Amino acid sequence: MIAPVEIAGIANCLPKKIVTNFDLEKLVDTSDEWITKRTGISNRRIVANETAVSMGIQAAKESLAHSGINKEDVDLIITSTFTGETLVPSMSSEIQKAIGIDCACMDISAGCTGFVYAVTTAASLMDSLNLNTAIVIASEALSTYVDWEDRSTCVLFGDGAGAVVLKRSEKAYLSHPILYGLSDIEDVITLKREKRKTPFNKIGRIETEYLKMKGAEVFTFAVGAVEDVIRKLLAKCGDKPFTKIIPHQANGKIIDYVIRKTKLKKDQFFMNLDEYANTSSATIPIAMCDAYKKGWLKKGDRLAIVGFGSGLSFGGLIIDWTI
């Protein structure tokens with residue numbers, strides 16, 4: 001079960017450096033027209049002086065300030081990432097130390113579905129451990145794992161972080177979580193750890209690994225996964241359907257296809273992919289924060305968030321918006 005909780009605060013943090021499609025024309029054999037037509041991406045934010053940890057810290061601090069909750073009252077920190085600076089300590093531990101909070105903390109790695117997994121896990125732990133407050137952060141610095149000579153991947157990704165504060169409430173404002181993964185499809189999105197020599201293995205030359213993706217296979221999986229989650233969430237909601245959707249921001253063509261299949265309206269979907277590109281697990285909280293700041297997401301709205309990514313994982317969650 002998940003505890004009756006609500007979102008009490010939200011924030012995002014984006015790198016200052018903006019890299020346009022025209023900038024990428026100078027790096028690889030591509031064009032603004034090609035990228036825009038096939039993905040819907042125009043710009044992306046790229047870390048220069050920032051890191052995934054520093055962006056996560058800033059987003060966490062600002063979401064806590066927005067909630068009005070004292071840091072001493074935070075019981076749990078969960079971070080979604082696969083691009084942290086260290087394996088140990090975890091990013092959540094780094095954020096905990098930077099803010100000065102004594103509480104349980106952990107990282108989750110579920111690719112681009114990570115934020116959905118992290119929020120569901122946080123609310124579930126709040127129920128089982130009888131906790132009152134949690135901060136959930138998704139922060140990614142994908143640009144540091146992308147091969148900037150590979151035009152098939154480098155044009156797709158960006159960096160950024162988003163965070164929400166969950167607090168216990170009288171009613172359940174987060175509901176109908178769906179978490180799922182497929183075992184019968186090969187890994188089409190991969191980032192391998194660097195192989196290291198030991199006295200007992202026969203590893204020779206060590207090569208740097210970059211994020212790799214099979215675009216056509218990912219597209220086929222994604223459109224099916226998003227449609228499936230949306231239909232299941234509609235069935236779970238019954239006579240109280242959601243009216244707005246924030247999907248993982250991977251490719252505008254995916255959402256266009258889903259809109260045609262589900263017969264939903266385009267203005268029900270919030271998209272900011274054109275400005276930030278694919279920031280993996282951070283796309284949903286970044287978009288939620290933008291939607292809230294722009295007035296698209298208002299108190300009383302019933303929102304569906306839908307994620308899909310490596311694993312292959314996918315999932316969704318209903319959020320009744322209260323701020």
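# Exercises on a predicted model

Thr113 touches Gly307, Phe308, Gly309, Ser313, Phe314 and Gly315 when its neighbours within four places in sequence are set aside; contact means heavy atoms within 4.5 Å. This is a predicted model, in which local features need pLDDT of at least 70 and side-chain atom pairs count only at pLDDT 80 or more, while totals for chains, interfaces and linings use all residues. Residues are numbered from 1 along each chain as its sequence is written, and side-chain values use heavy atoms, with hydrogens and water left out.

**Exercise 1.** Locate Thr113 and decide whether Thr113 is buried or exposed.

*Solution.* Step 1: Thr113 is placed in the loop between strand E5 (104-108) and helix H5 (114-128); helices (H or I, at least four residues) and strands (E, at least two) are DSSP runs, numbered from the N terminus. Step 2: buried means under 20% relative accessible area, exposed over 50%, and partly exposed in between (1.4 Å probe, protein chains only). Step 3: the relative accessible area of Thr113 is 0%, so Thr113 is buried.

**Exercise 2.** Classify Lys37 by its relative accessibility.

*Solution.* Step 1: Lys37 belongs to helix H2 (residues 32-39). Step 2: its relative accessibility is 56%, and therefore Lys37 counts as exposed.

**Exercise 3.** Describe how H3 and H4 pack.

*Solution.* Step 1: helix H3 (residues 52-67) and helix H4 (residues 91-99) pack at about 55 degrees, their axes being 9 Å apart. Axes are lines fitted to C-alpha atoms, for helices over the stretch in contact, and angles run from 0 to 180 degrees between N-to-C directions. Step 2: H3 is therefore oblique to H4, since angles under 35 degrees count as roughly parallel, over 145 as roughly antiparallel, 65 to 115 as roughly perpendicular and the rest as oblique. Step 3: H3 contributes Ala52, Val53, Gly56, Ile57, Ala60 and Lys61 to the contact, and H4 contributes Met91, Glu94, Ile95, Ala98 and Ile99.

**Exercise 4.** State how many residues of H10 are buried.

*Solution.* Step 1: in helix H10 (residues 283-293), nine of the 11 residues are buried. Step 2: among them are Ile284, Ile286 and Met288.
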